[in-house]
Amino acid sequence: MKCAIVVFPGSNCERDCLYATRDVMGWNSRLAWHGEPLPVDCDLVIVPGGFSHGDYLRAGALAALSPIINDIRAHAERGGMLLGICNGFQVLSESGLLPGALVVNNDLRFHCEDSYLRCEHTDSPFTSACPPMLRIPIAHREGNFRASDAVIEELETEGRVLFRYADSTGSASPAANPNGSINNIAGIINRAGNVCGMMPHPERVCDPLLGGTDGKYLFESIAHALASTGGVG
Amino acid sequence: MPAWKAEVTVTPKREVADPQGQAIEKALGHLPSFSGGGPVIKGLRAGKVFNFTIEAADEGTASAAVEELANRVLANHNTEQFAFRLRSDA
């Protein structure tokens, strides 16, 4: 199981991702600097959280122009699994690998708090091992998911919303929405089913010492998916 | 090569919420001249302006290049719209 974690100037969650995937999950994970080619033999590529390029222009916009994005796109096109977390989600949406955009939170505040997520279904390589509810922290100012009505309709009818902000009972109510995202959307998947973007940080809750282990369900799902397909290479 | 001064304005699309613009509009109500029967500001939208010089063989080429830059980089077509103008830098 080979995993590359892409590092842009300003990324700051790459070591958390390394800890979760290498030390907790036992994978062969390494950091991949954006100025160098992406390792060609990865099963999984993670674009981690942070403030790539200082969030200049728009969060993720400048990283989306980095040459390594072409390698990441090629990895996704040959079926490789790709996970964008927080700023990584912003990078993937800015690069067109995922639809929609993440704009500033409705209340203009940076939200750093636990969020309850309702896992919408387990019929995806990122959620197959997930329980119906997860508690995973968010930490962002630009996490307000927006897309055209047509795109939202497509995501909803095709079952491509994987996670929704909810309260502890599982109700995805307006009160449980921390940032104003349409339909409380916290995480989505591409049509092919191998690219996932989510604002919450599963890598931060993979060790009881860090306050929770719900993030492991996501990485265990990925492990199951890769074990059943033998990975992509 | 001839050069032009370009100005690209990027603003949120009309149907997209602009919490920053709303916050600015609300704050304007605290200015004495905008309170209690004074002028009323409505529909304030916050955006960005980019100014630069572009050298190109002719104005058509310059205009097409600025449009591509605005479309692909400066504005996010999901949530933003743009307008631009060129003026001769002679």
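Guide: First a term: a salt bridge is a side-chain nitrogen of Lys or Arg within 4 Å of a carboxyl oxygen of Asp or Glu. This is a predicted model, so local features need pLDDT of at least 70, side-chain atom pairs count only at pLDDT 80 or more, and totals for chains, interfaces and linings use all residues; side-chain values use heavy atoms, with hydrogens and water left out. Residues are numbered from 1 along each chain as its sequence is written, while chains are lettered from A and ligands numbered from 1 in the order in which they are written.

Visitor: OK. How many salt bridges cross the interface of chain A and chain B?

Guide: The rule finds one. It joins the side chains of Glu80(B) and Arg58(A), at 3.6 Å from N to O.

Visitor: And which classes of residue does chain A put on that side?

Guide: Six nonpolar, three polar and three charged residues of chain A touch chain B. Here Ala, Val, Leu, Ile, Met, Phe, Trp, Tyr, Cys and Pro count as nonpolar, Asp, Glu, Lys and Arg as charged, and the others, Gly among them, as polar.

Visitor: How many residues are in contact between the two chains?

Guide: Twelve of chain A meet 13 of chain B. Contact means heavy atoms within 4.5 Å.

Visitor: What area is buried there?

Guide: About 1100 Å², and carbon and sulfur atoms give 61% of that. Buried area is the accessible area (1.4 Å probe) that two parts lose on being put together, summed over both.

Visitor: Which three residues of chain A supply more of its buried area than any other three?

Guide: Leu57(A), Arg58(A) and Leu108(A), with 45% of what chain A buries against chain B.

Visitor: Back to Arg58(A). Which side chain of chain A does it meet in a salt bridge?

Guide: Glu94(A), at 2.8 Å from N to O. Arg58(A) lies in the loop between E3 and H2 of chain A and Glu94(A) in helix H3 (residues 87-94), so the pair ties together parts 36 residues apart in sequence. Helices (H or I, at least four residues) and strands (E, at least two) are DSSP runs, numbered from the N terminus.

Visitor: Are Arg58(A) and Glu94(A) buried or exposed?

Guide: Both are buried. Buried means under 20% relative accessible area, exposed over 50%, and partly exposed in between (1.4 Å probe, protein chains only).

Visitor: How many salt bridges are there over all chains?

Guide: A search of the whole structure finds 16. One of them pairs Arg30(A) with Asp41(A), whose closest N and O atoms are 2.9 Å apart. Arg30(A) sits in strand E2 (residues 28-33) of chain A, and Asp41(A) in the loop between E2 and strand E3 (44-47), eleven residues away. Arg30(A) is partly exposed because its relative accessibility is 30%. Asp41(A), at 28%, is partly exposed too.

Visitor: What about Glu154(A) and Arg191(A)?

Guide: Their side chains form a salt bridge at 3.1 Å, N to O. Glu154(A) is in helix H4 (residues 149-157), and Arg191(A) is in the loop between strand E10 (185-189) and strand E11 (195-198) of chain A, 37 residues apart. Arg191(A) counts as exposed because its relative accessibility is 57%. Glu154(A) is partly exposed at 29%.

Visitor: Which residues are linked in a network of salt bridges?

Guide: Arg118(A), Glu120(A), Glu156(A) and Arg164(A).

Visitor: New topic: where is Asp18(B)?

Guide: In chain B, in the loop between strand E1 (3-12) and helix H1 (19-28). Asp18(B) is buried but has no salt bridge, and the nearest side chain of opposite charge, Arg45(B), is 4.5 Å away. For charge, Lys and Arg count as positive and Asp and Glu as negative; His and the chain ends are not counted.

Visitor: Which backbone nitrogen lies 2.8 Å from a polar atom of its side chain?

Guide: That of Ala46(B). Beyond four places in sequence, Asp18(B) is in contact with Pro12(B), Leu44(B), Arg45(B) and Ala46(B).

Visitor: Last one. What does the side chain of Ser66(A) make a polar contact with?

Guide: The side chain of His34(A), at 3.1 Å. A polar contact is a pair of N or O atoms within 3.5 Å; within protein, one must be able to donate a hydrogen and the other to accept it, and residues adjacent in sequence count only if both atoms are side-chain atoms. Ser66(A) is buried, at 6% relative accessibility.
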